[in-house]
Amino acid sequence: EYAWADKRLKMFGKILNFKFTSVSEAKLAASFCSEKFGSKISSFNIVGLNIFIGQTGDLNVSIKFENPDALNKFEENYISIIADLKESLVFKENNFVGVCAYTYEKEAASTET
């Protein structure tokens, strides 16, 4: 459990950083992550999912959870979720768990009149 987290902060997150040898491999992995993590949104109570591809073959995935229990459940299953990716592509992985200190997303607005 993440006792260090201030309970007033509501978003808990898992940040994944993958480094591939090419952008093409990162694109394949992004597709894999979109399908695998996207299919787990309701079962793991995911409230935010962002996947970014960098121009040098980096792939960054941010997964947000509403509470530490949902995050813990995801953590327990993480290795099995990405097992196919680890068997298919060679990459370096760095990931960590954190509490969202600040987030901003502009709402989409219609420009039609």
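Does Cys33 count as buried or exposed, and at what relative accessibility? At 0% relative accessibility, Cys33 counts as buried, a word that stands for under 20% relative accessible area, with exposed meaning over 50% and partly exposed in between (1.4 Å probe, protein chains only). This is a predicted model, in which local features need pLDDT of at least 70 and side-chain atom pairs count only at pLDDT 80 or more, while totals for chains, interfaces and linings use all residues. Residues are numbered from 1 along each chain as its sequence is written, and side-chain values use heavy atoms, with hydrogens and water left out.

Cys33 belongs to helix H1 (residues 23-38), where helices (H or I, at least four residues) and strands (E, at least two) are DSSP runs numbered from the N terminus. Leaving aside residues up to four places away in sequence, Cys33 touches Phe18, Gly38, Ile51, Leu59, Val61 and Leu85, contact meaning heavy atoms within 4.5 Å.

Phe18 leads on to the aromatic rings. The structure holds 7 aromatic pairs, counted when ring centres of Phe, Tyr and Trp (its six-membered ring) lie within 6.5 Å, with planes under 30 degrees apart called stacked, over 60 edge-to-face and the rest tilted. The rings of Phe18 and Phe91 have centres 5.1 Å apart and planes at 75°, so this pair is edge-to-face. Because Phe18 lies in strand E1 (residues 12-19) and Phe91 in the loop between helix H3 (83-88) and strand E4 (92-99), the pair ties together parts that are 73 residues apart in sequence. Both Phe18 and Phe91 are buried.

Elsewhere, one aromatic cluster is formed by Phe37, Phe44, Phe65, Phe74 and Tyr78.
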